[in-house]
Amino acid sequence: MRHIFIVNPCAGPKDATAEIQQQITQLPSSYNTEIYTTRSAGDATRHVRELCQATPDRQIRFYACGGDGTISEVVSGIVGHPNAEMTCYASGSGNDFVKYYGGRDKFLDIKRLVDGDAHEIDVMRIGDRYSLNVCNFGFDAVVCRTMEQVRRKPIIGGRNAYTTGILKALFTGRRTTCRIAVDGKVVNDGQMLLCTLGNGRYVGGAYQCSPLSQNDDGLIEVCFFKPMSVIDFARLIGSYRDGTFINRPDIKDKMTYLRGKTIDIESPNAIDLCIDGEIVNNSHFRIELLPRAVRFITPRD
């Protein structure tokens, strides 16, 4: 098997290439390892896809070295190629997807990743893009744009970037007009605060937006909130962080939580959709679930 490390040098607070190289040198010489450093957005997807197509009869494991955006690019390259599987070296700022499996620290030991265990998991498809974790829009799109702007800044960036984004969005992103249909049934037709579509459970470093998600059950967790006052939103934040918001009777008239396989989003104006932290802009999106479409490797305990 080929072990190919796709390194995004711009992910996280610093370039992790040197520490990845150092860990690779400690592996037995029998392992066939390579490092590829990405040059621009989309480069990881292109390179991964080309390698899969060039050697369809050879097993390849890709290590997405970065954050959720790097994972999304790698999965976009391997979908449809049965000779490929993937995992993550969690050197990004948030690394929300791997929290599903216990957190980023477990995904910083390359030896444990090389000897890891495979799981067949679901993938969300959005046009020609793919997501393993969360797609979100509305309030969270403003948060996402702000995170990208401050992620490498002291104090307000890094693991605090999501909180910084929330503070900005409170003043600029509390109302989005759109129509949301889940498996053909319209569940919103007007203004809303935010909407998350979860295959994973976490967004923004610590917030459990999809606390009931199982990433191999063939369903997307859909959660959206109606517009609310700043005071009511402030009261929501704590339970949104720990995932207990779905059990709060006082916000049931403001929240909808359901599951589906296909979600259609339409807006009279183009809106931002965050796909694992990467933003795309359009007036119509269709998100479809591909059941157990990717083999994902988790570290061996």
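Which residue's side chain does a polar contact of 2.7 Å join to that of glutamate 221? Select glutamate 221 and tyrosine 257, whose side chains are joined by that 2.7 Å contact, a polar contact being a pair of N or O atoms within 3.5 Å, one able to donate a hydrogen and the other to accept it, with residues adjacent in sequence counted only if both atoms are side-chain atoms.

This is a predicted model, in which local features need pLDDT of at least 70 and side-chain atom pairs count only at pLDDT 80 or more, while totals for chains, interfaces and linings use all residues. Residues are numbered from 1 along each chain as its sequence is written, and side-chain values use heavy atoms, leaving out hydrogens and water.

Glutamate 221 is buried, with a relative accessible area of 0%, where buried means under 20%, exposed over 50% and partly exposed in between (1.4 Å probe, protein chains only).

Next, select Ile20, Phe62, Ile78, Met86, Leu132 and Phe296, which have the most contacts inside the largest nonpolar core, a set of 43 residues; such a core consists of buried Ala, Val, Leu, Ile, Met, Phe, Trp, Tyr and Cys residues joined through side-chain atoms within 4.5 Å. A second, separate core of 24 residues can be found by selecting, among others, Leu194, Tyr207, Cys209 and Met255.

Return to methionine 86 to finish: among the residues that methionine 86 touches are Ala64, Val74 and Val294, not counting residues up to four places away in sequence, with contact meaning heavy atoms within 4.5 Å.
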